[in-house]
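Welcome! Let us walk through this structure together, one topic at a time. Keep the picture in view as you read.

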Amino acid sequence: MDELHLETSQESVSPTHRRPRRWPFVVTIVFLFLAAVGLGFGWDYSTYSAQEWRDTAIKSGEELDAMTKQRDDQKAQAGDLRTQLGKVTDQYKTATDRIRSLSDEKAQTGDEAAHYATLVVMSQNVTAGMDLCIKDLQKLQTYLVDFDSYDSASLLNYARQINSGCNQARADSEALSKKLAG
């Protein structure tokens, strides 16, 4: 009887055919779709970011080139100012020697004491003007040695002021020379 009971119970418990489950496939497809979208956004971001870095690097390189050119131009200007300083110094020495020579020559005649007194005062003014010119040019030269530390516009204005003072001293020297000549 036990056998019979087992057989009937086995017949009544027969497995039913189950429908395949679809949700794992749907979840897998959604996951793969989201992963593909995420990879697409990541690739797009990295491409855009790399282009931005390239553009920034190119712009920085161009700015560096412009600054290098500007620095080279300022160095050339400083070299020109040094050359001018050398010329003015030579002119000052020549003018001072000439003024002294002319003053000594005229002073020896002794006939025109008042005239010579005026010449001496003019000579002193010229010498003082030339001395001031040389001092200012030497000071400018110390600035030019380290011109990167100073504002270029300020240095240029200062050089113009010195040039104006030196031109005035030179004009005074020429006026003195004409007066000494006679």
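## Two helices side by side

Start with helix 3 (residues 113–145) and helix 4 (residues 152–181), whose axes come within 9 Å and cross at roughly 155°. Here the axes are lines fitted to C-alpha atoms over the stretch in contact, and angles run from 0 to 180 degrees between N-to-C directions. That crossing makes helix 3 roughly antiparallel to helix 4, because angles over 145 degrees count as roughly antiparallel, under 35 as roughly parallel, 65 to 115 as roughly perpendicular and the rest as oblique. The crossing of the pair, helix 3 and helix 4, is left-handed; the term says that the near helix is turned anticlockwise from the far one by less than a right angle, whereas clockwise would be right-handed.

Which classes of residue make up the contact of helix 3 with helix 4? There are 18 nonpolar, 5 polar and 5 charged residues in it. In this sorting, Ala, Val, Leu, Ile, Met, Phe, Trp, Tyr, Cys and Pro are nonpolar, Asp, Glu, Lys and Arg are charged, and the others, Gly among them, are polar.

## About the model

This is a predicted model, in which local features need pLDDT of at least 70 and side-chain atom pairs count only at pLDDT 80 or more, while totals for chains, interfaces and linings use all residues. Residues are numbered from 1 along each chain as its sequence is written, and side-chain values use heavy atoms, with hydrogens and water left out.

## The whole chain

The secondary structure of the chain comes to 4 helices and 0 strands, so read from the N terminus the elements run α-α-α-α. Helices (H or I, at least four residues) and strands (E, at least two) are DSSP runs, numbered from the N terminus.

Of the 182 residues in the chain, 17% count as buried. Buried means under 20% relative accessible area, exposed means over 50%, and partly exposed is in between (1.4 Å probe, protein chains only).

## Length and buried residues

How well does the length of helix 3 agree with what its 33 residues should span? At 1.5 Å a residue the span should be 48 Å, and the end C-alpha atoms of helix 3 are 47 Å apart, which agrees. The expected span is 1.5 Å times one less than the number of residues. Helix 4, with 30 residues, reaches 42 Å from its first C-alpha to its last, close to the expected 44 Å.

Now look for the buried residues. In helix 3 they include Tyr116, Leu119, Ser123, Val126 and Leu144. In helix 4, Leu155, Ala159, Ile162 and Ser173 are among them.

Helix 2 holds Ile99, which is buried at a relative accessible area of 3%. Ile99 and Val126 are 27 residues apart in sequence, with their C-alpha atoms 8.8 Å apart in space.

Tyr92 is also found in helix 2 and counts as buried at 14% relative accessibility. Between Tyr92 and Ser173 there are 81 residues of separation in sequence and 9.6 Å in space, C-alpha to C-alpha. Gln77 lies in helix 2 too, but at 49% relative accessibility Gln77 is partly exposed. Its C-alpha is 9.6 Å from that of Leu144, 67 residues away in sequence.

## Charged pairs

Side chains of opposite charge can pair when their charged atoms come close. A salt bridge is a side-chain nitrogen of Lys or Arg within 4 Å of a carboxyl oxygen of Asp or Glu. How many salt bridges does this rule give? The count comes to 2.

In one, Asp73 pairs with Lys69, their closest N and O atoms being 3.3 Å apart. Both Asp73 and Lys69 lie in helix 2 (residues 23–107), 4 residues apart, about one turn of the helix. Asp73 is partly exposed at 39%, whereas Lys69 is exposed at 52%.

In the other, the side chains of Arg71 and Asp72 meet at 3.0 Å, N to O. Arg71 is partly exposed at 35% relative accessibility, and Asp72 is partly exposed at 38%.
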